[in-house]
Amino acid sequence: MNIKDKTRKQLLPELTTLRNRVVKLRESAKEFRRFKRFSQQQTHDLGERVKELNCLYAISNLVERHGISLEKILHETVNIIPSAWQYPEITGAKITLGDQIFLTENFQETPWTQSADILVKRKKMGFLEVCYLKKKPKSDEGPFLKEERNLINVIAKRIGEIIERKIAEDALKESTTRNKALLNAIPDLIFRISRDGTILDLKKGKSFGQRLRTYSLPGKNVQELPDYFKVLPREIVLQGMKNVSHVLQTGETQIYEHRFSYNDTVFYYEVLLTESGGDEVLGIIRDITERRHLEKQVLEISEWEQQRIGQDLHDSLCQQLAGIAFLGKVLEQKMDAQSYGEARDAAEIVSLIDDAITQTKGLARGLYPVRLEATGLMAALTELSHTVQKFFGINCSFSYDRPVLIHDNIMAIHLYRIAQEAVNNAIKHGKANNIRITFTNENGATVLMIKNDGVCSRRMLKNNTGMGISIMRHRANMIGASLEIKSNPAGGTVVACSFQSRQRAKKRGKNDEKGKRDSFCWPEK
């Protein structure tokens, strides 16, 4: 084998190898071109998706713009839409919503249009249209891609959601306006408070809290208020927090009253607490001073009228009856002296007149039970117990640990009426056999207590809504006393009316005067 043949033999495998490499290179080049086209298509598709996302993002931003109207949103939306389609330079858009139409300047009715319905609460309210102004290559839906079909459906759905949201916002705004107007029309002080006593919100009342700087109170704890407002007793705040806890535990609405003196005037306030959310309570403070004063005047007028009738019965009718009885007695004696048989009839008439005098005096004492003396209430309660024993056959007693002197006749009348109502309830509803009326003094407070061994009505104790109970509570409020009605562990019912002694009231009055001078100006700390 010569050198030429040897070289040829050596070159043939190399040539084959080179040919194989060329084939592989051609395949690689082909694969590269295919990958390049795929990459270009992916890049194009990704660009299209970015445009779609930008379109949706821009629409979302429109909705979040504060105070923007629905018309403004739809007007700007229709101008955003063309940028998301393949050929934005020849794309137009139109939104039809009832008789309202929003469209781009270049929108035309063309053969290359796609549309989607706009649904509001599952009801068709309009439609969205997108058009090409020129013919383009055929694709999935005419010249449009399937992704553009999905996009127009999503935009139409989004417009429906925006309309629903705007309708809800308008309704909420209208409701808020109405509620605000309603709140402004309520003359009471309204507040919200959390379980730990933090003031969450507060609206001043027309009569109460006008001088409060409300902006500084939210965020503060109610237990700090006595430090800011000296006229607000700390015990009232503590009692209020107990009521807040009770409302949150039971879900029951609580109403209690508070009164305090300022410039020789007594003010009355009613506080209502009701659950408002998980750990919040809504409170309403109402000024009932004028109502209480009018009620007090009505009661006093009623008492005065009863006293006048009682005095008239005692001083006029009883005297006339006594005169008639005297004349009858004289007539009886004359007839007896003449041995007339009618003398016995005259004696019977005199006896009947004496009974009428006794009954009339009893009526007069019932209408005017308490005399003007300081010990009048003690005497009236003693007489009440004797009367109950005499007419009802019930063991009724009155006792006290030391004499209770009431110099205020109106206060004495209220206390007597409370005791009288409690005794009547024990007889009428409780069917009691034993009734005890007592006066005790505890820690500077005097307690008028009426106990009986009759039937205790749990319904009455739970609701406390009977007319008699309401009047007893009202009378207690009139004199600044507290009234408690509860079952007796030994059986029956206990009615306890607690009020401050005269000495303690005087001491408190001095403290109140000191508080008035240096604190009743709603000072800020």
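Colleague: Tyr-400 first. Buried, exposed or partly exposed?

Modeller: Partly exposed, because its relative accessibility is 43%. Bear in mind that this is a predicted model.

Colleague: And Phe-398, buried or exposed?

Modeller: Phe-398 is at 15% relative accessibility, so it counts as buried.

Colleague: What about the rings of Phe-398 and Tyr-400?

Modeller: Tilted, because the planes are at 45°, with the centres 5.6 Å apart.

Colleague: Back to Tyr-87 and Tyr-132. Where do they lie?

Modeller: Tyr-87 is in the loop between α2 and β1, while Tyr-132 is in strand β4. The pair therefore ties together parts 45 residues apart in sequence. Tyr-132 has 0% relative accessibility, so it counts as buried.

Colleague: Which residues make up the aromatic cluster there?

Modeller: Tyr-87, Tyr-132 and Phe-144. Also, Lys-136 lies over the face of Tyr-87, 4.6 Å from the ring centre.

Colleague: New topic: helices. At what angle do α6 and α9 pack?

Modeller: About 85°, with the axes 11 Å apart. They are therefore roughly perpendicular.

Colleague: Which residues meet there?

Modeller: From α6, they include Leu-299, Glu-303 and Trp-304; from α9, they include Ile-410, Ile-413 and Arg-417. The contact residues divide into four nonpolar, four polar and three charged.

Notes. Residues numbered from 1 in each chain as written. Predicted model: local features only at pLDDT ≥ 70, side-chain atom pairs only at ≥ 80, totals over all residues. Heavy atoms only, no water. Axes fitted to C-alpha atoms, helices over the stretch in contact; angles between N-to-C directions. Helix = DSSP H or I, 4+ residues; strand = E, 2+ residues; numbered from the N terminus. Parallel < 35°, antiparallel > 145°, perpendicular 65-115°, else oblique. Contact = heavy atoms within 4.5 Å. Nonpolar A, V, L, I, M, F, W, Y, C, P; charged D, E, K, R; others polar. Buried < 20%, exposed > 50% of the residue type's maximum accessible area, 1.4 Å probe, protein only. Phe/Tyr/Trp six-rings, centres within 6.5 Å; stacked < 30°, edge-to-face > 60°. Lys NZ or Arg CZ within 6 Å of the ring centre and 35° of its normal.
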